[in-house]
Amino acid sequence: MAARIRVWDGLVRALHWGLAAAMATAWISGHWPPADFDTVHHYAGYAGLAAVASRLAWGFAGSRHARLAQFVRGPHAVLGYARALRAGHAPRYIGHNPLGGWMALLLWITAAALGLTGWLYTTEWLWGYAWLEQLHAALAWLMLALVVGHLGGVMTTSWRHRENLVAAMFSGTKRAPAADDLV
């Protein structure tokens, strides 16, 4: 059995799964007919917003692979990785790969925008404005598309590198790097 190393700390994993649960709960409760689910929907949105704020803060103060500076890379690195992925020889990263880093940011920005627009819609100031309701709904559909893209990326990377990334996000560990892996 290959040696394992700790990659994602407990807070990263808790915030990841907490945000996933909050977004799933918000989606289901937002599309469920009974009005009784409005409160569940609101609290799920607030929980998602809190998870994003906490994760961004941890991105500056957290462990090595939790830090934004470790996995948010510039356009040159992202395009280079995308080309290598398309050619079938993308390198393995111990933390997030360049595309995965930007996907995380897009998911967090969209979750934060959903939480903000949802909260604004409950205020007296913006209650009943159709444009805000439409923006919130459009952001929800964007979130769904991003989640599908995220899951596709996880499956592709897991298959390509023969590594179960879902299990790694539960355990926090991954196979130790080989000589050609990037950290």
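Author: One definition is needed at the start: a salt bridge is a side-chain nitrogen of Lys or Arg within 4 Å of a carboxyl oxygen of Asp or Glu. The model shown is predicted.

Reader: What makes K174 and E163 a salt bridge?

Author: The closest N and O atoms of K174 and E163 are 3.7 Å apart. The cut-off is 4 Å, so the pair K174 and E163 counts as a salt bridge. The two residues come from distant parts of the chain: K174 is in strand β2, E163 is in the loop between α6 and α7, and 11 residues separate them.

Reader: How many salt bridges are there by this rule?

Author: The count comes to 2. R92 also forms a salt bridge with E163, with the closest N and O atoms 2.7 Å apart.

Reader: What is linked in a network of salt bridges?

Author: R92, E163 and K174 are linked in such a network. E163 has a salt bridge with R92 and another with K174.

Reader: Why is E163 called buried?

Author: Buried means under 20% relative accessible area. E163 has a relative accessible area of 9%, so E163 is buried.

Reader: How do you know whether R92 and K174 are buried or exposed?

Author: The same test is applied, with the limit at under 20%. R92 has 3% relative accessibility and therefore counts as buried. K174 is also at 3% relative accessibility, so K174 counts as buried.

Reader: Why is F37 called partly exposed?

Author: Partly exposed lies between under 20% for buried and over 50% for exposed. F37 has a relative accessible area of 31%, so F37 is partly exposed.

Reader: What makes the link between the side chains of R92 and E163 a polar contact?

Author: A polar contact needs a pair of N or O atoms within 3.5 Å, one able to donate a hydrogen and the other to accept it. The contact joining the side chains of R92 and E163 is 2.7 Å, so the distance is within the limit.

Reader: Which backbone atoms of R175 lie by the side chains of E163 and R92?

Author: The backbone nitrogen of R175 lies 3.3 Å from a polar atom of the E163 side chain. The backbone oxygen of R175 lies 2.7 Å from a polar atom of the R92 side chain. Leaving aside neighbours within four places in sequence, E163 is in contact with R92, S158, K174 and R175.

Reader: How do you know that the reach of α6 is close to the expected one?

Author: α6 has 32 residues and reaches 46 Å from its first C-alpha to its last, and 46 Å is also what is expected at 1.5 Å a residue. Among the buried residues of α6 are L132, M143 and S158. The buried residues of α6 pack against several elements, including α1, α5 and β2. After α6 comes R162, whose phi is positive, near 55°.

Methods. Residues are numbered from 1 along each chain as its sequence is written. This is a predicted model: local features need pLDDT of at least 70, side-chain atom pairs count only at pLDDT 80 or more; totals for chains, interfaces and linings use all residues. Side-chain values use heavy atoms; hydrogens and water are left out. Buried means under 20% relative accessible area, exposed over 50%, partly exposed in between (1.4 Å probe, protein chains only). Contact means heavy atoms within 4.5 Å. Helices (H or I, at least four residues) and strands (E, at least two) are DSSP runs, numbered from the N terminus. The expected span of a helix is 1.5 Å times one less than its number of residues.
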